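Reader: Could we go through this structure together? I would like to start with the charged side chains and then move on to a helix.

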Amino acid sequence: MPSLVGSEMCIRDRIYSIKFPSLLKKEINKFEEFKKFVLKNKESTFLIGPGAGSNKTTKQKVVYLLKNIKNVILDADALTSFKKDLNKFYKLLDKDKIITPHIREFKSIFPNLQKIKTNELKII
């Protein structure tokens with residue numbers, strides 16, 4: 001599920017109802033449509049990442065969300081899409097953004113931290 005908005009989630013550019021995941025609410029195929037949808041739902045919390053694909057399009061959507069939406073949750077491909085541009089990623093984060101990486105994603109977005117052992121990380 002690449003992105004979640006209020007009671008909706010986005011999987012591969014299609015908006016689904018969380019209550020009824022088999023119900024397709026809206027298909028978004030162009031970045032301009034995505035921007036309009038985001039601005040229309042500006043007060044919502046967005047989740048983006050799993051299944052989105054670690055590519056330019058995902059990165060573009062993440063940057064847009066981080067710059068325009070207060071509450072954003074990032075996971076999986078939303079994180080790894082910044083693997084080659086970590087400074088930009090760090091600058092976009094603030095106290096209202098939540099990242100939920102597994103250990104390998106964590107190591108890829110924070111490569112300068114010394115060796116991290118799984119048992120040394122506390123899960124919140």
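Reader: How many salt bridges does a search of the whole structure find?
Author: The search finds 4 salt bridges. Please keep in mind that this is a predicted model.

Reader: Why do such pairs form at all?
Author: Side chains of opposite charge can pair when their charged atoms come close.

Reader: Which residue forms a salt bridge with aspartate 94?
Author: Lysine 97 is the partner of aspartate 94, and their closest N and O atoms are 3.2 Å apart.

Reader: Is lysine 97 buried or exposed?
Author: Lysine 97 is buried, since its relative accessible area is 11% and the cut-off for buried is under 20%. Aspartate 94, by contrast, is partly exposed at 38%.

Reader: What does lysine 95 pair with?
Author: The side chain of lysine 95 meets that of aspartate 96 in a salt bridge, at 3.4 Å from N to O. Lysine 95 counts as exposed, with 76% relative accessibility.

Reader: Now the helix, please. Which salt bridge involves glutamate 32?
Author: Glutamate 32 and lysine 35 are joined by a salt bridge of 3.3 Å, N to O. Both residues belong to helix H1 and lie 3 residues apart, about one turn of the helix.

Reader: Why does that spacing matter for residues three or four places apart?
Author: An α-helix has 3.6 residues a turn, so residues at that spacing point the same way.

Reader: How accessible are glutamate 32 and lysine 35?
Author: Glutamate 32 is partly exposed, with a relative accessible area of 48%. Lysine 35 is also partly exposed, at 23%.

Reader: Which residues of H1 are buried?
Author: Helix H1 covers residues 31–40, and its buried residues are Phe34, Phe37 and Val38. Seen down the helix axis, the buried residues of H1 fall within an arc of 100°, so they line one face of the helix.

Reader: What is on the other side of H1?
Author: Lys36 and Lys40 are exposed there.

Reader: Let us look at phenylalanine 34. What is its relative accessibility?
Author: Phenylalanine 34, a residue of helix H1, has a relative accessibility of 4% and therefore counts as buried.

Reader: Which residues is phenylalanine 34 in contact with, leaving aside its neighbours within four places in sequence?
Author: With those neighbours set aside, phenylalanine 34 is in contact with Ile28, Lys61, Tyr64 and Leu65.

Reader: And how many residues apart along the chain are phenylalanine 34 and leucine 65?
Author: They are 31 residues apart along the chain, and their C-alpha atoms are separated by 9.9 Å.

Key:
Residues numbered from 1 in each chain as written. Predicted model: local features only at pLDDT ≥ 70, side-chain atom pairs only at ≥ 80, totals over all residues. Heavy atoms only, no water. Buried < 20%, exposed > 50% of the residue type's maximum accessible area, 1.4 Å probe, protein only. Helix = DSSP H or I, 4+ residues; strand = E, 2+ residues; numbered from the N terminus. Arc of directions from axis to C-beta. Contact = heavy atoms within 4.5 Å.
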